[in-house]
Amino acid sequence: MYSFKVESSRPTSCVFRDREGFLEFCSVKKVAAASPLLAEALAVREAMLIAGNLGMPRVIFELDSLGCGFTWVSREGNLVAHLLASLAKLDLLPPNWQGVLPLDVQNQLKSDRDRVLLHGHLPGEGSTKLHGDGFRPP
């Protein structure tokens, strides 16, 4: 059993600018979050919802938290997440679990790891090398 100490609120903000840097929209919100990193993630979620509601098809996220970052990879470079989403869509997975992964997911993880060992990167990631723990260095 895990327990989290949740701060009463942490402020977050989103600033939307056009291509020339002119302000289009701002949003501020207080969120209940156990850490600054979680608050940053919740701010990104809020920004994604706002961008969708405003009909913005392309968005660049700029974060001021050193512990948070995003990298785009093609579906071929993210097959485990695609498989999990497909299984969840069919209600074949619980929302959260710990311990043994479903066999299909284990097989996909092994296939991805074999590709990394063979090519030094996953498909869709160019030639970026993954480090032993699967994460890029900061």
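Student: Which residues lie nearest the centre of the largest pocket?
Tutor: In this predicted model, Val-15, Val-59, Ile-60, Phe-61 and Glu-62 lie nearest its centre. The lining of the largest pocket has 28 residues.

Student: And which elements give two or more residues to that lining?
Tutor: Those elements are β1 and α1, the latter covering residues 36–53.

Student: How many of the lining residues are nonpolar, polar or charged?
Tutor: The lining of the largest pocket has 16 nonpolar residues, 4 polar ones and 8 charged ones.

Student: What volume does the largest pocket have?
Tutor: Its volume is about 1000 Å³.

Student: Changing topic: how many salt bridges does a search of the whole structure find?
Tutor: The search finds 1 salt bridge. The side chains of Lys-29 and Glu-46 form it, at 3.1 Å from N to O.

Student: Which parts does that pair tie together?
Tutor: Lys-29 belongs to strand β2, residues 23–31, and Glu-46 belongs to helix α1, so the pair links parts 17 residues apart in sequence.

Student: Is Glu-46 buried or exposed?
Tutor: Glu-46 counts as buried, because its relative accessibility is 18% and the cut-off for buried is under 20%. Lys-29, with a relative accessible area of 38%, is partly exposed.

Student: Now Thr-12: where does it lie?
Tutor: Thr-12 is in strand β1, which covers residues 10–17. Thr-12 counts as buried, at 12% relative accessibility.

Student: What is Thr-12 in contact with, leaving aside neighbours within four places in sequence?
Tutor: Thr-12 contacts Ser-27, Val-28, Lys-29, Val-31, Ala-39 and Ala-43. One of these, Lys-29, is also a partner in the salt bridge with Glu-46.

Key. Residues are numbered from 1 along each chain as its sequence is written. This is a predicted model: local features need pLDDT of at least 70, side-chain atom pairs count only at pLDDT 80 or more; totals for chains, interfaces and linings use all residues. Side-chain values use heavy atoms; hydrogens and water are left out. Helices (H or I, at least four residues) and strands (E, at least two) are DSSP runs, numbered from the N terminus. Buried means under 20% relative accessible area, exposed over 50%, partly exposed in between (1.4 Å probe, protein chains only). Contact means heavy atoms within 4.5 Å. On a 1 Å grid over the protein atoms alone, a cavity is a set of points where a 1.4 Å probe fits but cannot get out, and a pocket is an open set with protein on both sides within 12 Å along at least five of seven lines; lining residues have an atom within 4 Å of a point. Grid points are joined across faces, edges and corners, and a volume is the space filled by probe spheres set on the points. Ala, Val, Leu, Ile, Met, Phe, Trp, Tyr, Cys and Pro count as nonpolar, Asp, Glu, Lys and Arg as charged, and the others, Gly among them, as polar. A salt bridge is a side-chain nitrogen of Lys or Arg within 4 Å of a carboxyl oxygen of Asp or Glu.
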